Amino acid sequence: MDILSILYTIVPAALIAATPLLFTALGGLFSERAGIVNIGLEGLMVIGAFSGILATLWFETLGMGAASPWLALLVAMVVGAVFSLFHAVASITLRADQIVSGVALNFLAVGLSVFLVREIFERGQTDYISARIFRINVPFLSDIPVLGPMFFSRIYVTTYIAFILAVIVWYVVFKTPFGLRLRSVGEHPMAADTMGIKVNRMRYIAVMLSGAFGGIGGAVFAITTAGNFAGNTIVGQGFMALAALIFGKWHPFGVMGAALFFGLAQALSISAQQIPALAQIPQVYMLILPYVLTILALAGFVGKAEGPKAIGKPYEKGSR
Amino acid sequence: MKKRFMTLLTSVLAAGTLLAACGEGDNNEGDTTPVGGNNNNDNNNNGEEVTQEETGDFSARMVTDVGGVDDRSFNESAWDGLQEFGADFDVEVDYIQSSDASDYAPNLNRLARDNTSISFAIGFLMEDDIRDVAQRHEDMNFAIVDTVVTDDDGNTLSNLANITFAEHEGSFLVGVVAGLQTESDHVAFIGGVESPLIKKFENGFKAGVLSVNPDAEISIQYAQDFNDASRGQQIADTMYGNGADVIYHAAGGTGNGVFTEAIDRARNGENVWVIGVDQDQHAQGQWDDGNVTLTSMVKRVDQAVYQVSEMTLEGNFPGGEILEFGLEDQGVGIAETTDNVEQESLDAVEDYKQQILDGDIDVPQTDEEFEEFEASL
């Protein structure tokens, strides 16, 4: 294998691995920018994966065919947003500890979805979906030499949606009045309140957006890669997304870079064994590579990760 | 400032704890089941109808691992075997589900206290627990599936039967199919976590392939994870990309990704196959316009449980023995669904099966044995 064919394998793999992380981390960005820590991203992904698979199976039986997984993504988005209301009510209205509420969300999601799977399918996993989202070659662009096979061949459409979404999120958060309000609520809620911004309403919207995006992230993973749902379909991806969010310094493009970085490290560690030049390296070094790179990056090269000022604090009107 | 740091620290710790918990779950191939443990007492759906007069007080019961009795894998298969046994011999059979690893010891103890004639522990996860329980209840009979339990001195326990399978023999047969039906003369194997057990799958497979196709190239990779579908998909992507057209996976949930990749490629007109493991994975390879499952290596836990129960009923409890269920006991074999297997391959499978049964072929289990086998070809 020459260097180009190695890249042709690794780059698409990295983009695909980054996709669910990117969706979910962008969701977390809304929530945390508004001052609500969201440890519950993992749970939101679980519930998204569950509802995504369930909805796909359902739409399949209704005869929707190839449209089923796309409609299912929408369902997962709505279910994720509704599910995140648990976190929103507990941490915003009731002013509970946001970490505790987020952790509760994680447990609730796994427990609830596995319980429902057992009720519906009478065993520990769902059936396999047959209408999936498949890899595509982008017309024309995939014919570009070198870049075509790397970025435009055998990639899921959802991957492109994720990257376009990163740009949209950047625009919304940094270039619109809505984004300014969102950030002000996360930085200094009292100042925002005196300016007439409804702090709690902004926070509700932000948490529900994180639920919607997290739901899509989980559903994308389940529909493109796993093909069914079981209690172990989403294991740790939500926490990876949280890490990408902090690694990317709560900035959409930073998050995009971090997700890509995680994806690339993972792709490299997996494919290395099949690449003659790298096959000599003992597998254990390749397996720890993503984690070592992450620690190095966090410790040395990124600098200080400074979050929104008011993160983790419930807002009480009139308090100081 | 300080507070925020504490928040971050707390969140990292919380995440770490959760991840650690998840990591533990990775080892057990099944799913984590926070539910299901609550119905331990009302599961006598079969046992209640059974009368006990004819065979005295004989009873056979099992403890599932966290996968649960409906895991579509070895727990379910074991329960099928027990039910069949119960129906055939008119004795009491039952199961207890474990919702958590900490349930194993209490569940096994309960069976012992109920004077169960033979108690099965399903899965190697219960290795340590059954060792304790069996030593404490020396007058009771136990059996464990998929592993060999020894005491501190390395001896097997006289009241515990160890049920293992000749996975290498079954893997040899699917290797024969792979070797005959590969068009690129390049096949591959994806293992879950590297261990003596999974090595049996690998070496049996390699031996089978090379027996019928000495020139075939065989790629091997271990995902080092039983539950990472995206890892499985990517390894399969690289392998298919390098020219392999048949992949045999022994990787649990990681194998889901292998099927995903194969279906994706088959849709684009590529001729690629997956060989399933443990059970007939035909349904998993199904897509709109075809099926990528070539065949599967099935492991008949039900047969093993049935036979051990029968031996115990007849008074021949194989305590302290290491039972290996191979081709002759129908403990392993190729899947019933043979839609994608050519007649020529089926004939070859029968032929090699006979040779293994006659002792003409000694299927290798370890790397050393495989090297000897390869040299003798």
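This is a predicted model: local features need pLDDT of at least 70, side-chain atom pairs count only at pLDDT 80 or more; totals for chains, interfaces and linings use all residues.

Q: How is the confidence in chain B known, and which elements have the lowest and the highest mean pLDDT?
A: On the scale from 0 to 100, chain B averages a pLDDT of 84, and 85% of its residues score at least 70. Among the elements of chain B, the lowest mean pLDDT, 51, belongs to helix α1 (residues 2-26) of chain B, and the highest, 96, to helix α5 (residues 167-181) of chain B. Over residues 20-54 of chain B the pLDDT is below 50, while this stretch has 73 contacts in the model beyond near neighbours in sequence.

Q: What are the domains of chain B, and what separates their centres?
A: Chain B is divided into domain 1 (37-165 + 301-325) and domain 2 (167-298 + 342-376). Taken over C-alpha atoms, the centres of domain 1 of chain B and domain 2 of chain B are separated by 31 Å. Chain B has 11 helices and 14 strands.

Q: Why are β7 and β14 of chain B said to stand at the edges of the sheet?
A: The open sheet of chain B consists of 6 strands in the order β7-β6-β8-β9-β12-β14, with mixed pairing. β7 (217-222) and β14 (332-334) of chain B each have a single partner strand, so one side of each is left without a neighbour in the sheet. Direction ignored, neighbouring strands of this sheet are turned by 15° against each other on average.

Q: How do you know that strands β8 and β9 of chain B pair?
A: Pairing requires at least two bridges, and 3 bridges join strand β8 (residues 246-250) of chain B to strand β9 (residues 273-278) of chain B; therefore the two count as paired, and they run parallel. In β9(B), W273(B) is the bridge partner of V246(B).

Q: Which helices pack on this sheet, and what do they touch?
A: Helix α7 (residues 229-241) of chain B touches β6 (186-191), β7 and β8 of chain B, and its direction makes about 165° with that of β6(B). Helix α8 (residues 254-267) of chain B touches β6, β8 and β9 of chain B, and its direction makes about 155° with that of β9(B).

Q: Why is strand β4 of chain B called mostly covered?
A: A residue is buried if 20 or more other C-beta atoms lie within 10 Å of its own. In strand β4 (residues 141-145) of chain B, 5 of its 5 residues are buried, so the term applies. N141(B), A143(B) and V145(B) point one way from β4(B), F142(B) and I144(B) point the other way, and all are buried. Strand β3 (residues 118-121) of chain B runs parallel to β4(B) and is joined to it by 4 bridges, with S119(B) opposite F142(B). In chain B, buried residues make up 54% of the 377 residues.

Q: What makes up the contact between chain A and chain B?
A: The contact takes 41 residues from chain A and 49 residues from chain B. The largest share of the side of chain A that touches chain B, 8 residues, comes from α5(A). The residues of this side divide into 20 nonpolar, 17 polar and 4 charged.

Definitions and conventions. Residues are numbered from 1 along each chain as its sequence is written. Chains are lettered from A and ligands numbered from 1 in the order in which they are written. Axes are lines fitted to C-alpha atoms, for helices over the stretch in contact, and angles run from 0 to 180 degrees between N-to-C directions. Two residues are in contact if their C-beta atoms, placed from the backbone, lie within 7 Å. pLDDT is the predictor's confidence in each residue, from 0 to 100. Domain bounds come from an automatic or database domain assignment. Ala, Val, Leu, Ile, Met, Phe, Trp, Tyr, Cys and Pro count as nonpolar, Asp, Glu, Lys and Arg as charged, and the others, Gly among them, as polar. A residue is buried if 20 or more other C-beta atoms lie within 10 Å of its own, exposed if 12 or fewer, and partly exposed in between; C-beta atoms are placed from the backbone.
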